[in-house]
Amino acid sequence: MLQRLRLSRLAGRVAASRCTPALVATVHGGKQRSTAPVPCASVSPAGQGCKSTAERRGSAPRRARTVPASALAAEAPEASNEPSTSAPSTIYTRPDLYELAFSYRDFKAEVKFLQEVYKQHNKHALSSVLELGCGPARHLAGLARGGVAKVVGLDLSPDMLGHARKSVAKQGGKAAEVVELVQGDMSDFDLPHKSFDMVMCLLGTFSHLLDTDQAISAFRSAAAHLRPGGILLLEMAHPGDLFDGTLIIGESGKEVWELPQENGDKVFVEWGAEFDNFDPVTQIIFRTVTINVLRGDDVIDSVEEVVPYRQYTVRELELLAKLAGLEQIALYGEMRMGVDLEHEDAYRMLALYRKP
Ligand SMILES: C[S@@+](CC[C@H](N)C(=O)[O-])C[C@H]1O[C@@H](n2cnc3c(N)ncnc32)[C@H](O)[C@@H]1O
């Protein structure tokens, strides 16, 4: 079955890449996807003409291009949009770069999925949502526009929240009117509203909680903010990625994607690096994440960080849910109805838990 999952996730990823024409991948044989959301191919460090995984498996080759190694090796100048602190930049203190890097996602389709999946497991219409680690709040803005009356985003990062506030204000309409943004730690929070229809945590954000006590407390906090019958939804890496070695074999391969910008610049994202480590005892992977903005061959802006992600198994999540008084009700393999975890298109995990 593991083999089937492995091939399936590749297929899902190719399908995803075909849906995102602006997303161009360089190629290489290495790992499949990890906690990085929805890039389209595994690539070589310098994109040096190795075959993509899909090519090796005989499926249609994707458009491939390389970024000049000279550009990536070049010393990046001072970032132009630094926050007003002397702390080093991280991917979350540069929300502008974070948002560019993940701008290929189809937020409209993802918001539709969130509404549909809630409907599938509930008699009531979705009227209130809390997102943990909301980042730029793109899903929340979409849900507000779609008629959800109470929409709250919680995030630890003041920079990310500042960016999200500006973004929803700029969007205006329901997004500006309805979305509330709060600073807080998802591992322990206490908000005035305690009867959300759905609490969600997307894009592997839950993996930022590295120790078990934090995870237990996060589940308990989430459960305390759900109405009876309400749903906790987590989007995580596909469990096969942990067990088939995708996340563990840290010596080769990484995921790279490139997003051409309207002004001719290119955003080049590297998710993972050659010597990223996986600690099998703590289940923490140390992922090197680099986002470069290229103008021609020059890097004009960049951020790099080694981000620790704890990998949670399905059974661990189920136990965390039980400890919080929640029951597991469904596991999907993509933000698409009808794609369960073992479906041939499955390449992510959407885990749903209900408060009885
Ligand atoms: C991968 S981003 C996801 C953002 C957004 N959910 C999305 O789908 O684009 C993770 C977000 O979680 C936030 N975060 C990390 N640890 C957190 C914590 N302990 N509590 C609350 N937010 C946290 C980060 O600041 C960042 O905005």
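The legends below describe close-up views of a predicted model.

**View 1. The protein chain as a whole.** In this predicted model, the protein chain contains 11 helices and 13 strands. The chain has 356 residues, of which 49% count as buried. When contacts between residues at least 6 apart in sequence are considered, 67% of them join residues that lie at least 24 apart.

**View 2**

**View 3. The packing of helix 9 against helix 11.** Two packed helices are described by the angle between their axes and the distance between the axes. Helix 9, which spans residues 212-224, packs against helix 11, which spans residues 314-323, at an angle of about 55 degrees and with the two axes 8 Å apart. Because of this angle, helix 9 is oblique to helix 11, and the crossing of the two helices is right-handed.

**View 4. The residues in contact between helix 9 and helix 11.** On the side of helix 9, the contact is made by Ala 215, Ile 216 and Phe 219, while helix 11 contributes Leu 320, Ala 321 and Leu 323. By class, this contact of helix 9 with helix 11 consists of six nonpolar residues, with no polar and no charged residues.

Technical notes:
Residues numbered from 1 in each chain as written. Predicted model: local features only at pLDDT ≥ 70, side-chain atom pairs only at ≥ 80, totals over all residues. Axes fitted to C-alpha atoms, helices over the stretch in contact; angles between N-to-C directions. Helix = DSSP H or I, 4+ residues; strand = E, 2+ residues; numbered from the N terminus. Parallel < 35°, antiparallel > 145°, perpendicular 65-115°, else oblique. Left-handed = near helix turned anticlockwise from the far one by under 90°. Contact = placed C-beta atoms within 7 Å. Nonpolar A, V, L, I, M, F, W, Y, C, P; charged D, E, K, R; others polar. Buried ≥ 20, exposed ≤ 12 C-beta atoms within 10 Å, placed from the backbone.
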